[in-house]
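Please keep the structure in view while reading.

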Amino acid sequence: MTAVLTSSSPVLARSPAVATPSAPQGRLSTAAPVVHPDLRPNENHSVEQGAWFAALSPELRQAILARARVRHVSRGTLLVRRGNHASDWVGVASGALRLGTDLCDGRSFTLDLLGPGDWYGDIELMDGGLCSLEIRAHVNSTLLLVCKHDLHALIQGQPELHQALLQLDCRRLRHMLRRMEELQTAPLAQRVAMQLQRLLRQFGRPCTIGTRIDVALPQSDLASLLCASRQRINGVLRAMQAQGVVTTTHARITVLDPLRLDALAQGAALVPGAAGEAEAD
């Protein structure tokens with residue numbers, strides 16, 4: 001599958017922050033906005049409101065965007081191959097990237113999804129190691145790419161970035177440790193509820209009947225994220241739909257009752273027929 005490339009200008013423009021309902025929920029920034037001239041307004045907003053990026057100083061945010069080039073990729077595009085050397089630090093402006101790998105038996109393993117406002121790939125650029133995961137476009141996406149040379153130049157010229165990257169990697173480590181704990185200790189229905197909450201934070205968009213996870217997510221992809229079979233995921237989602245917690249249509253999941261979903265994620269409520277699920281297949 002061929003990716004469509006757009007090289008950006010290093011010149012940085014300033015404009016007022018753009019409010020848009022498509023921005024991920026719960027991400028607010030009061031710092032002065034900076035924008036990339038080759039991104040659409042909603043993409044600039046998503047980058048600006050990313051939890052990690054929003055906490056940086058305006059000077060550092062401007063310096064990062066000034067060195068970033070824009071790349072538009074189509075669904076399925078392989079950006080990073082496992083075992084290769086990394087070439088770019090990646091920020092997601094729109095769409096979604098899948099972190100994982102394709103197994104020799106034809107199955108795919110998905111460790112996580114990166115959504116708008118997320119940044120990834122600094123570790124391999126800093127330690128010189130080989131990439132341990134593949135990065136593939138889950139849907140058509142717009143990315144910000146900072147090459148290895150420019151990332152090192154930013155670290156040298158912006159002392160704030162070194163500590164900020166450390167905080168970013170600590171946040172990612174905590175996230176992965178929580179995921180590992182869930183896989184080992186939580187029943188499948190609870191894990192599904194927790195994963196849906198994460199996807200809501202990343203891709204949630206209000207709609208007329210609730211909040212939709214605004215990225216295509218077939219049950220096979222959700223099963224891969226949770227290390228379970230598609231059949232078992234289907235059973236949990238059917239039970240949730242029968243309770244009025246979610247509705248699913250055309251690989252899209254809409255949350256109808258976030259309070260009930262939270263109760264399921266906390267283990268304070270049970271999904272009939274799914275409460276006694278064993279560990280993942």
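With a relative accessibility of 21%, Arg136 counts as partly exposed, because the buried class holds residues under 20%. The model in which this value was computed is a predicted one. The partner of Arg136 is Glu134, and the two residues form a salt bridge in which the closest N and O atoms are 3.9 Å apart. Glu134, at a relative accessible area of 8%, is buried.

**Salt bridges**

Side chains of opposite charge can pair when their charged atoms come close. The structure holds 12 salt bridges, and three of these pairs are set out in the table below.

| Salt bridge | N to O distance |
|---|---|
| Glu134 and Arg136 | 3.9 Å |
| Arg172 and Asp169 | 2.7 Å |
| Asp214 and Arg205 | 3.5 Å |

Arg172 and Asp169 both belong to helix 6, where they lie 3 residues apart, or about one turn of the helix. Arg172 is buried, with a relative accessible area of 16%, and Asp169, at 18% relative accessibility, counts as buried too. In the pair of Asp214 and Arg205, by contrast, Asp214 is partly exposed at a relative accessible area of 24%, and Arg205 is partly exposed at 30%. These two residues also belong to a network of salt bridges that links Arg205, Arg212, Asp214 and Arg252.

**Two packed helices**

Two packed helices are described by the angle between their axes and the distance between the axes. How do helix 6 and helix 7 cross? The axes of helix 6 (residues 159-185) and helix 7 (residues 188-203) come within 10 Å and cross at roughly 155 degrees. Helix 6 is therefore roughly antiparallel to helix 7, and the crossing in which helix 6 passes helix 7 is left-handed. On the side of helix 6, His175, Arg179, Glu182 and Leu183 take part in the contact, and they meet Arg191, Met194, Gln195 and Arg198 of helix 7. Sorted by kind, the residues of this contact comprise 4 charged, 2 polar and 2 nonpolar ones.

**Positive phi in two loops**

Cys227 is partly exposed, with a relative accessible area of 29%. His250, which is not a glycine either, has a positive phi of about 50 degrees. His250 is found in the loop between strand 12 (246-249) and strand 13 (252-255), and with a relative accessible area of 79% this residue is exposed.

How values were computed
Residues numbered from 1 in each chain as written. Predicted model: local features only at pLDDT ≥ 70, side-chain atom pairs only at ≥ 80, totals over all residues. Heavy atoms only, no water. Axes fitted to C-alpha atoms, helices over the stretch in contact; angles between N-to-C directions. Helix = DSSP H or I, 4+ residues; strand = E, 2+ residues; numbered from the N terminus. Parallel < 35°, antiparallel > 145°, perpendicular 65-115°, else oblique. Left-handed = near helix turned anticlockwise from the far one by under 90°. Contact = heavy atoms within 4.5 Å. Nonpolar A, V, L, I, M, F, W, Y, C, P; charged D, E, K, R; others polar. Buried < 20%, exposed > 50% of the residue type's maximum accessible area, 1.4 Å probe, protein only. Salt bridge = Lys/Arg side-chain N within 4 Å of Asp/Glu carboxyl O.
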